[in-house]
Amino acid sequence: IFPHELGLSTYGYPYLMAGTNLIMAMYYKDERMLEKAIEVATHFVNKKTTKKWEKAVIQFILDILHKDADAANRNLQEVCKGYMRCNDYYLIYSMKDVCVPAYGIYFLAQNYLSKDEFAKLEMPEHKTVDREYVQWRLDNPIPNLKPYVIYPNEMDVLNKLYSLPVAKVTLMEHQASQWTPIRMVE
């Protein structure tokens with residue numbers, strides 16, 4: 001979804017930009033990207049206007065980068081607590097009783113930390129966390145993903161569409177009330 005050749009995000013909602021940049025830098029193991037991403041993320045978490053749960057998400061990722069399990073555990077708990085009070089427009093269609101961001105950053109940590117370091121992290125005791133799912137996911141780190149719904153033969157084109165890889169898209173930047181392409185990835 002985030003091709004390396006596009007570089008770090010420089011435009012957009014600050015929380016999403018900070019998170020995207022950290023995840024990209026970690027995924028690509030790019031030290032230059034990581035240095036800039038940490039700088040942007042640190043600025044984000046130190047702003048007074050930042051929403052508490054968003055700050056906790058970004059701070060958790062920073063805690064993982066600094067290998068601070070105690071702080072990471074506290075921030076993961078804050079993510080779950082704050083998510084319940086969230087009514088942001090980009091979460092309108094998500095499940096309010098399942099803290100998807102908490103699962104995402106927890107399993108991001110699993111991919112980044114050693115087994116011993118990851119063992120120090122705990123999913124919070126919170127009503128937005130299904131501990132049975134967490135255990136299943138830990139037992140199945142690379143699950144065999146398949147569609148939940150299989151369409152009948154006359155609609156097989158939908159089955160084929162769902163099995164395609166994620167497409168790379170043209171990103172747009174808002175400039176002077178018009179949208180213009182930044183860069184195209186083939």
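Biologist: At what angle do the axes of helix H5 and helix H7 cross?
Modeller: The axes of H5 (residues 100–112) and H7 (residues 131–139) cross at roughly 30° and come within 12 Å. That makes H5 roughly parallel to H7, a term for angles under 35 degrees. Helices here are DSSP runs (H or I) of at least four residues, numbered from the N terminus. Axes are lines fitted to C-alpha atoms over the stretch in contact, with angles from 0 to 180 degrees between N-to-C directions.

Biologist: How far can I rely on such details?
Modeller: This is a predicted model, so local features need pLDDT of at least 70 and side-chain atom pairs count only at pLDDT 80 or more, while totals for chains, interfaces and linings use all residues. Residues are numbered from 1 along each chain as its sequence is written, and side-chain values use heavy atoms, leaving out hydrogens and water.

Biologist: On another topic, how many salt bridges are found?
Modeller: A search of the whole structure finds 6 salt bridges, each a side-chain nitrogen of Lys or Arg within 4 Å of a carboxyl oxygen of Asp or Glu.

Biologist: Which residue meets lysine 67 in a salt bridge?
Modeller: Lysine 67 meets glutamate 117, at 3.5 Å from N to O. Lysine 67 lies in the loop between H3 and H4 and glutamate 117 in H6 (residues 115–119), so the pair ties together parts 50 residues apart in sequence.

Terms used. Helices (H or I, at least four residues) and strands (E, at least two) are DSSP runs, numbered from the N terminus. Angles under 35 degrees count as roughly parallel, over 145 as roughly antiparallel, 65 to 115 as roughly perpendicular and the rest as oblique.
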